[in-house]
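Let's take a walk through this structure together, one piece at a time. Keep the 3D view open and turn it as you read.

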Amino acid sequence: MGLQIAECLLAFGLVACAAPTRVVDPALPASHASRAADGFLEDGLATAAGGALVVFASADWCEPCNELHQRFLDTPAAKQALAGHAWREVDVDTSTGGAVAADLRVLGYPTTVVLRRIDGRRVEVGRIEGFDSAAEYTGTLQELLVHTAPATWCAEPLPPTLPALSATPA
């Protein structure tokens, strides 16, 4: 069954941007990468000056990530949409980028996460997973940039460890 799913994913080209998000340089201890990720996000929020911090998680090898760059990030529309907000891009194939992606619970690329400081805490107010068209992306991003409350899925933290998957079907 698992092999059939993998074959389907390969056939439809869905594997490229569904890769694991935690890519940490083995030379850098996990605790250092985690602290670097926290510092990266906190520094970004500090420069947001009351606005949102927009984090773009991407990888050079990811075609939808490259499309996001060509059709949005590298255009005047991006400057206009992001005016008054801070933004950072993380390459998930670096130790800090992988740690940031893991901290933000990024499951695929590209993922855009919008953060704000609410009651002294760093809070996610929304996210965009994937990239289809510049017009749709811009509209969704503009909606998220006016949110000032935590996203509903952020209300409860994930458990510190998830149960192991069984190798045999139940």
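Arg-105 is partly exposed, because its relative accessible area is 38%. Keep in mind that this is a predicted model. You'll find Arg-105 in the loop between α5 and β3, and its backbone does something worth a look: phi is near 60°, a positive value in a residue other than glycine. Why point that out? Most residues other than glycine have a negative phi, and most peptide bonds are trans.

Pro-110 sits in the loop between α5 and β3 too. The peptide bond leading from Tyr-109 into Pro-110 is cis, with omega near -10°.

Ala-49 isn't a glycine, yet its phi is positive, about 45°. Is Ala-49 buried or exposed? Its relative accessibility is 71%, so Ala-49 counts as exposed, the cut-off for that being over 50%.

Next, the strands. Strand β3 covers residues 111–118, and seven of its eight residues are buried. β3 runs antiparallel to strand β1 (residues 53–58), with five bridges joining the two. To see one spot in this pairing, find Phe-56, which stands opposite Thr-112 in β3. β3 also pairs with strand β4 (residues 121–129), again in the antiparallel sense, over eight bridges. Here Ile-118 has Arg-121 in β4 as its bridge partner. β3 and β4 form a hairpin with two residues between the strands, and in that hairpin Asp-119 takes a positive phi near 50°.

Let's move on to helix α6, which spans residues 134–145. Its 12 residues reach 16 Å from the first C-alpha to the last, close to the 16 Å expected at 1.5 Å a residue. Which residues of α6 are buried? They are Tyr-137, Thr-138, Leu-141, Leu-144 and Leu-145. These residues lie on the same side of α6, because they cover an arc of only 130° around the axis.

One last stop: Val-92, in the loop between β2 (86–91) and α5 (95–103). Val-92 counts as buried because its relative accessibility is 0%. Val-92 and Ala-59 are 33 residues apart in sequence, but from C-alpha to C-alpha they are 5.8 Å apart in space.

Definitions and conventions. Residues numbered from 1 in each chain as written. Predicted model: local features only at pLDDT ≥ 70, side-chain atom pairs only at ≥ 80, totals over all residues. Heavy atoms only, no water. Buried < 20%, exposed > 50% of the residue type's maximum accessible area, 1.4 Å probe, protein only. Helix = DSSP H or I, 4+ residues; strand = E, 2+ residues; numbered from the N terminus. Pairing = 2+ DSSP bridges. Expected span 1.5 Å × (residues − 1). Arc of directions from axis to C-beta.
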